[in-house]
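The sequence and structure come first.

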Amino acid sequence: MRPVDLARKLRREAAFRSAALDRGKAVLMAAIRQEVAATRRPTIVPQVPYQDISAALSFLERAFGFREIPTARFMRADGELLHATVEFGNSLVGVGGQGHHGAISPMSGGGESQFISVQVDDVDAHYQRAVAAGARIADELRDHSWGERTYWALDLEGHRWRFAQSIRDART
């Protein structure tokens with residue numbers, strides 16, 4: 001039951017039985033804690049630099065299924081997009097211009113300096129989506145002896161992304 005519904009029920013029951021108030025408060029607080037935990041954001045958020053932030057956002061959405069959080073955009077007074085945040089499941093990734101804090105795009109640096117792993121519900125469908133959107137596949141979809149099915153892709157500026165699903169999850 002939703003916390004708002006529990007509060008209404010508690011108000012009705014407490015009007016007739018005061019003992020219901022103590023029991024109801026504990027149930028209500030547990031429901032609120034559970035709802036807050038479900039919406040809690042991650043505490044580690046990678047920041048990925050791009051030469052063209054707008055193109056990167058479009059690609060990440062189209063190829064990999066990320067979704068921009070429109071309220072998290074940071075614009076300069078002249079309208080230039082300086083930073084955005086995308087989400088995938090309960091995870092966030094910052095998308096910003098290169099040069100901030102010394103970070104540069106692989107397109108400028110001539111090589112990759114990191115990769116980001118993303119757990120997905122259906123790695124085969126995710127792979128098909130990425131291929132259809134023109135992602136460069138760096139390592140084909142395959143099963144590994146440690147129990148994962150993965151593929152690696154490069155985005156439009158050369159950042160390396162690893163997408164994975166537990167083989168156990170893929171078969172259930």
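**Salt bridges**

Glu-68 has a relative accessibility of 16% and therefore counts as buried, the cut-off being under 20%. The model is a predicted one. Glu-68 is joined by a salt bridge to the side chain of Arg-73, at 2.5 Å from N to O. Arg-73 itself is partly exposed, at 37% relative accessible area.

- The count of salt bridges in the structure is 8.
- A second bridge joins Arg-76 and Glu-80, whose closest N and O atoms are 2.5 Å apart.
- Arg-76 is partly exposed at 41% relative accessible area, and Glu-80 is partly exposed at 36%.
- Arg-76 and Glu-80 also belong to a network of salt bridges that includes Asp-78.
- Arg-162 and Glu-148 meet through their side chains at 2.3 Å, N to O.
- Arg-162 lies in strand β9 and Glu-148 in strand β8, so this bridge ties together parts that are 14 residues apart in sequence.
- Arg-162 is buried, with 12% relative accessibility, and Glu-148 is buried, with 16%.

**Nonpolar core**

- In soluble globular proteins, nonpolar side chains tend to be buried together.
- The largest nonpolar core here consists of 29 residues; among those with the most contacts inside it are Phe-64, Val-118, Trp-161 and Phe-163.
- At least two residues of this core come from each of β1, α3, β4, β5, β6, α5, β8 and β9.
- Helix α3 gives the largest share, 7 residues.
- Beyond its neighbours within four places in sequence, Phe-163 is in contact with residues including Phe-64, Val-118, Val-123, His-126, Arg-149 and Tyr-151.

**Helix α3**

- The buried residues of α3 are Ile-53, Ala-56, Leu-57, Phe-59, Leu-60, Ala-63 and Phe-64.
- At 1.5 Å a residue, the 12 residues of α3 should span 16 Å, and the end C-alpha atoms are 16 Å apart, which agrees.
- At the start of α3, the backbone nitrogen of Ser-54 has a side-chain oxygen of Asp-52 within 3.3 Å.
- Gly-65 follows α3 and has a positive phi, near 85°.

**Aromatic rings**

- There are 10 aromatic pairs in the structure.
- One of them, Trp-161 with Phe-163, is stacked, at 6.5 Å centre to centre and 15° between the planes.
- Trp-161 and Phe-163 are both buried.
- A cluster linked by ring pairs takes in Phe-59, Phe-64, Phe-66, Phe-88, Tyr-127, Tyr-151, Trp-161 and Phe-163.

Technical notes: Residues numbered from 1 in each chain as written. Predicted model: local features only at pLDDT ≥ 70, side-chain atom pairs only at ≥ 80, totals over all residues. Heavy atoms only, no water. Core = buried A, V, L, I, M, F, W, Y, C linked by side-chain atoms within 4.5 Å. Buried < 20%, exposed > 50% of the residue type's maximum accessible area, 1.4 Å probe, protein only. Helix = DSSP H or I, 4+ residues; strand = E, 2+ residues; numbered from the N terminus. Contact = heavy atoms within 4.5 Å. Expected span 1.5 Å × (residues − 1). Polar contact = N/O pair within 3.5 Å; in protein donor to acceptor, adjacent residues only side chain to side chain. Phe/Tyr/Trp six-rings, centres within 6.5 Å; stacked < 30°, edge-to-face > 60°. Salt bridge = Lys/Arg side-chain N within 4 Å of Asp/Glu carboxyl O.
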